[in-house]
Amino acid sequence: HRSTLQCIRTMDCEYALCSLFVPGDRQVILGTKTGKLQLYDLASGSLMETLDAHDGAVWSIALSPDQRGFVTGGADKCVKFWEFELVTDESSVQKRLSMKHVRLLQLDEDVLCVRYSPNQKLLALSLLDCTVKVFYVDTLKFFLSLYGHKLPVLCMDISYDGTLIATGSADRNVKIWGLDFGDCHRSLFAHDDSVMYLQFVAKSHLFFTAGKDSKIKQWDADKFEHIQTLEGHHKEVWCLALSPNGDYVVSSSHDKSLRLWERTREPLVLEEEREMQREAEYEESVAKEEQPVVAGETQGETGLAGRKTIETIKAAERIMEAIELYREEMAKLKEHEALCKAAGKEVPFSVNPILRAYGNITPSAYVLEVFKKVKSSELEESLLVLPFSYIPDLLRLFNEYIHLGSEVELLCRALLFLLKIHFGQITSNHMLVTVIENLKKTTISRVSEARDVLGFNMAGLQYLKREIEAKDEVTFFADATERFEEKKKKRKKKEKMVLAVL
């Protein structure tokens with residue numbers, strides 16, 4: 001429910017790929033991966049009917065503008081037309097809703113997306129061969145072919161007046177075409193990954209796109225401008241739904257969340273949005289340039305890795321000394337266990353003075369303590385200096401630490417760097433195969449736990465933010481505007497100072 005954000009009904013179904021509300025909002029139709037159409041009653045949550053619609057997955061479903069039927073496109077290279085009808089139910093006297101197949105359009109490629117034009121004269125189909133084909137609905141004769149995308153078109157929509165069609169592809173581009181002659185008006189680089197969903201706002205040439213880069217963007221199809229970016233999801237955004245009046249957008253993501261976006265009354269100044277976006281991009285590029293260079297990769301002339309400094313050499317020596325102490329102490333422990341077995345009683349064991357100074361910790365815990373004391377800015381350089389003879393012991397220790405959940409973020413960073421610089425030697429060493437397999441399991445599980453905790457905390461902070469906003473009656477937009485103006489004034493002062501010096 002949109003206002004309460006509560007789940008109204010949960011229904012068990014097959015692997016669903018697309019869905020459609022039947023006019024009247026009393027039933028819903030699902031298209032499944034096995035090629036079936038499932039009709040559910042929303043009031044009771046019961047399955048009313050199942051039809052074998054396609055021989056492959058049902059990728060797309062679209063309601064006809066006259067609301068008397070719908071069309072489906074599937075992996076069996078077919079487009080099927082369906083009509084709603086009332087049939088007599090065997091269990092009761094009353095009639096119930098059903099679906100009847102009326103027409104078929106056979107194609108040469110899998111159909112990924114289907115869309116009607118608002119006047120129901122044209123039907124647009126995106127195919128696996130990266131083209132979009134337009135047919136007349138009444139005669140099913142071919143009208144237009146839109147080609148230009150390098151990868152298949154995953155989503156598309158037609159504007160309310162039927163003049164424009166926008167297509168989103170796995171090649172990360174959105175193309176805007178004229179539906180009268182099939183000419184491409186503009187190609188826009190929309191997302192950093194595949195464009196998964198696209199929909200026009202009602203009675204306008206504005207449209208929203210959702211991408212695998214976890215972003216939602218709004219565009220103007222007349223001026224070919226990017227209006228705004230909605231950030232909040234942590235993983236791929238699979239689909240969107242717009243309210244009929246365009247005031248609400250609902251997004252669904254792989255991060256297992258639904259997000260409701262509401263149109264506000266606040267004015268949106270495009271120039272300010274552009275400037276803030278440029279600043280964010282500049283800060284991101286600066287942050288990337290500061291990352292150390294991995295041996296064998298060229299990221300610029302000022303990389304830190306590969307340049308030996310006194311600090312990095314000292315840090316590497318401390319790690320080597322700790323590993324050597326770990327080896328000696330583990331050998332002593334084995335000898336001590338053998339002596340105890342031979343004597344049949346507990347033999348006194350002398351603890352290393354260094355371990356005693358740390359509070360009688362274990363040798364492996366001592367290595368972790370030394371590792372934690374290496375500065376974050378010097379970690380990669382220190383590992384780069386480390387000889388490979390110490391790497392096997394370090395990998396085994398990493399497996400032990402990550403399994404216990406100790407310093408997961410730090411150790412994963414060091415582990416990935418070691419795998420980059422010693423990939424060939426590690427993969428060719430048969431003794432390390434089991435270690436790497438264990439590391440893979442433990443690392444994925446621990447990182448998943450850390451990610452879930454982070455997502456939970458982020459959601460909690462967002463909730464607190466909304467609560468503070470509501471309590472203090474202060475919008476964060478106003479604060480952001482003030483900070484933006486301060487940055488602008490500082491930048492102008494700097495420019496004046498530079499001009500004065502020149």
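**A close look at one part**

Tutor: Helix 6 passes helix 7 in a left-handed crossing. A crossing is called left-handed if the near helix is turned anticlockwise from the far one by less than a right angle, and right-handed if clockwise. The model is predicted, with local features requiring pLDDT of at least 70 and side-chain atom pairs counted only at pLDDT 80 or more, while totals for chains, interfaces and linings use all residues. Residues are numbered from 1 along each chain as its sequence is written, and side-chain values use heavy atoms, leaving out hydrogens and water.

Helix 6 covers residues 391-404 and helix 7 covers residues 408-421. Helices (H or I, at least four residues) and strands (E, at least two) are DSSP runs, numbered from the N terminus. The axes of the two helices come within 11 Å and cross at roughly 150°. These axes are lines fitted to C-alpha atoms, for helices over the stretch in contact, and the angles run from 0 to 180 degrees between N-to-C directions.

From helix 6, the residues that meet helix 7 are Ile391, Leu394, Leu395, Phe398, Tyr401 and Ile402. Their partners in helix 7 are Leu411, Ala414, Leu415 and Leu418, where contact means heavy atoms within 4.5 Å. By class, the residues of this contact comprise 10 nonpolar, no polar and no charged. Here Ala, Val, Leu, Ile, Met, Phe, Trp, Tyr, Cys and Pro count as nonpolar, Asp, Glu, Lys and Arg as charged, and the others, Gly among them, as polar. An α-helix has 3.6 residues a turn, so residues three or four places apart point the same way.

Helix 6 and helix 7 also take part in covering helix 4. Seven of the 10 residues of helix 4 (363-372) are buried, a word that means under 20% relative accessible area, with exposed over 50% and partly exposed in between (1.4 Å probe, protein chains only). The buried residues are Pro363, Ser364, Tyr366, Val367, Leu368, Val370 and Phe371.

Of its 502 residues, 39% are buried. The radius of gyration, taken over C-alpha atoms, is 31 Å, whereas a compact globule of 502 residues would have one near 23 Å; the globule rule is 2.2 Å times the number of residues to the power 0.38. Along the principal axes, the C-alpha atoms fill a box of roughly 90 × 80 × 50 Å. Among contacts between residues at least 6 apart in sequence, 44% join residues at least 24 apart.

Cys184 is partly exposed, with a relative accessible area of 36%, and Cys239 is partly exposed at 31%.
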